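Take a look at the structure below. This report goes through it one part at a time.

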Amino acid sequence: MSIVRFGIIGGGWRSEFFLRIAKALPERFDVAGVVVRDEQKGRAFEQAWGVPTFRTAAAMLDAVSLSFVVVSVPRKVAPDVMLELTGRDVAVLCETPPAEKLEDLISLYRQVGGKGRIQVAEQYAFQPNHAGRLAIVRSGKLGQVTQAQVSSAHDYHGISLIRRYLGIGFENASIRAAAFSSPIMEGPGRSGPPSESRIKQSEQVMASLDFGGKYGVYDFTGDQYFSWIRSPRVLVRGEQGEINNFDVRYLLDHLTPVHLRMTRQQAGLDGNLEGYYLKSLHLGEQIVYKNDTAPARLTDDEIAVAACLEKMGVYAAGGEDFYSLAEACQDHYLALMMKESLLTGESVTTETQIWAEHN
C-alpha cells in the first residue's frame with residue numbers, strides 16, 4: 001500500500017485530527033505541508049507538529065508533491081479556497097460544510113459541480129458504531145427501512161446519518177423543528193473539564209423529516225459531544241426488524257424472532273496485552289465492522305477521519321465518490337431548512353436544488 005501524501009489548508013482545531021492520524025499511521029499517510037497564513041503561528045505549528053508550513057496555498061502547491069489538499073477553514077471562506085485549488089486541478093477534501101448559506105452552496109456547485117475533483121470529509125457514517133449499524137441495515141436483516149431516529153450528531157452530520165440509514169438520496173422532505181431549553185450541570189468542552197460546579201442551560205433541537213414513506217427524527221443537544229451525562233441514541237426501524245443503539249431484533253420468518261447485541265472487540269482490556277485499540281464489531285458470529293487502522297491508538301472519530309483520508313486517496317487517483325459535494329450540499333441544505341422551521345415555527349418543504357438535478 002503506497003503512502004498517501006496530502007496537504008492541509010488551515011491550522012485550527014479540526015486540522016489537528018488529520019495530523020494526529022498521519023502521526024499514528026506514518027506508513028499510510030504523510031502531511032506534505034500545512035497552510036497557516038500567520039507567520040508566527042506557522043512557526044509555532046512547525047515546532048508542535050514537525051511539518052512544513054506555508055503562507056499561501058500556491059506556495060505549498062509549488063513546493064511539494066501531494067495527492068490532494070484538505071480544506072479546513074471557516075465555511076465562509078471555504079468556497080474561495082476550493083475554487084483556487086480546482087482551478088489548478090488539485091483534488092480537494094473539504095471539511096464540513098462546504099459553504100455557509102444556501103446561495104453560497106448554489107454558487108459553489110454551479111462553478112465546480114461535476115468539474116472539480118471535490119469530496120467532503122463527512123466522517124460520521126464511518127465511525128465504527130454507525131458503520132456497523134449501516135452494515136446491518138444493508139445486509140437486509142431489517143427488511144425495508146422506513147424510520148431512523150438519530151440523536152448522535154449536530155446539524156448536517158445528524159442529517160447525513162438519517163439519510164444513510166433511510167437510504168435517501170436527494171428526495172424532498174417536509175420538515176418541522178422545535179427547541180427545548182433545560183438546566184444541566186456544566187460538563188467538559190474542547191478545553192477540558194469545567195473549573196467549578198455550575199448549572200447552565202442545555203439547548204435541544206428536535207425535528208421530523210418526512211420524505212414520504214420514510215421518516216427521520218433529529219434530536220440533539222449541544223452538550224452531547226463532550227458530556228458525561230448525555231449519551232447518543234440511534235433507532236432504525238424496518239419492516240422485519242430494528243436496531244436500538246446496540247440491540248438488534250429481526251425475524252428469520254414470521255414465527256422466529258432473533259435478538260442479538262452488537263459488541264465491540266477491544267484489545268487492551270483486562271489482561272489483554274495486544275495494545276489498546278478497537279479490533280472489530282460483531283453481531284453474533286458475524287463481523288459487521290473491522291478496524292483497518294489497528295493497532296493504531298485512535299478514537300472512533302479519528303478512525304472515521306482516517307477512513308475519509310484513505311477513501312480520498314483512492315478518489316484522487318481516479319476512484320469513486322465516497323461523499324460528494326452534491327451530498328454535502330444536500331445535507332447542509334436540509335439542516336438550513338430545519339433551522340428555518342425552528343425560527344418560523346412552521347413546517348417547511350424542501351425543493352430540488354441544482355446539485356440534485358444532476359444526480
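## The largest pocket

How much space lies in the largest pocket? About 1,100 Å³ of space lies there. Keep in mind that this is a predicted model.

The lining of the largest pocket is made up of 36 residues. Nearest its centre lie Trp 13, Arg 14, Tyr 124, Tyr 225 and Asp 301. By class, the lining has 13 nonpolar, 15 polar and eight charged residues.

Which elements give two or more residues to this lining? They are α1 (15–24), α6, α7, β11 (233–238) and α8 (300–316). The largest share, three residues, comes from α6.

## Helices α6 and α7

Helix α6 covers residues 128–139, and helix α7 covers residues 155–166. The two pack at an angle of about 25°. Their axes are 9 Å apart. Angles under 35 degrees count as roughly parallel, so α6 is roughly parallel to α7.

Which residues make the contact? From α6 come His 130, Arg 133, Leu 134, Val 137 and Arg 138. From α7 come Leu 161, Arg 164 and Tyr 165. Sorted by class, the residues of this contact are four nonpolar, one polar and three charged.

## Helices α1 and α8

At what angle do α1 and α8 pack? The angle is about 85°, and the axes are 10 Å apart. Angles of 65 to 115 degrees count as roughly perpendicular. Therefore α1 and α8 are roughly perpendicular to each other.

On the α1 side, the contact is made by Phe 17, Phe 18, Arg 20 and Ile 21. On the α8 side, Asp 301, Glu 302, Val 305, Ala 306 and Leu 309 take part. The contact of α1 with α8 has six nonpolar and three charged residues, but no polar ones.

## Phe 6 in strand β1

Phe 6 sits in strand β1, which spans residues 4–9. Is Phe 6 buried or exposed? Phe 6 is buried, because its relative accessible area is 0% and buried means under 20%.

What does Phe 6 touch, leaving aside its neighbours within four places in sequence? Phe 6 is in contact with Phe 18, Phe 29, Asp 30, Val 31, Ala 32, Gly 33, Leu 66, Phe 68, Val 70 and Leu 309.

Phe 6 and Ser 67 are 61 residues apart in sequence. In space they are 5.5 Å apart, C-alpha to C-alpha.

Key
Residues are numbered from 1 along each chain as its sequence is written. This is a predicted model: local features need pLDDT of at least 70, side-chain atom pairs count only at pLDDT 80 or more; totals for chains, interfaces and linings use all residues. Side-chain values use heavy atoms; hydrogens and water are left out. Axes are lines fitted to C-alpha atoms, for helices over the stretch in contact, and angles run from 0 to 180 degrees between N-to-C directions. Helices (H or I, at least four residues) and strands (E, at least two) are DSSP runs, numbered from the N terminus. Angles under 35 degrees count as roughly parallel, over 145 as roughly antiparallel, 65 to 115 as roughly perpendicular and the rest as oblique. Contact means heavy atoms within 4.5 Å. Ala, Val, Leu, Ile, Met, Phe, Trp, Tyr, Cys and Pro count as nonpolar, Asp, Glu, Lys and Arg as charged, and the others, Gly among them, as polar. Buried means under 20% relative accessible area, exposed over 50%, partly exposed in between (1.4 Å probe, protein chains only). On a 1 Å grid over the protein atoms alone, a cavity is a set of points where a 1.4 Å probe fits but cannot get out, and a pocket is an open set with protein on both sides within 12 Å along at least five of seven lines; lining residues have an atom within 4 Å of a point. Grid points are joined across faces, edges and corners, and a volume is the space filled by probe spheres set on the points.
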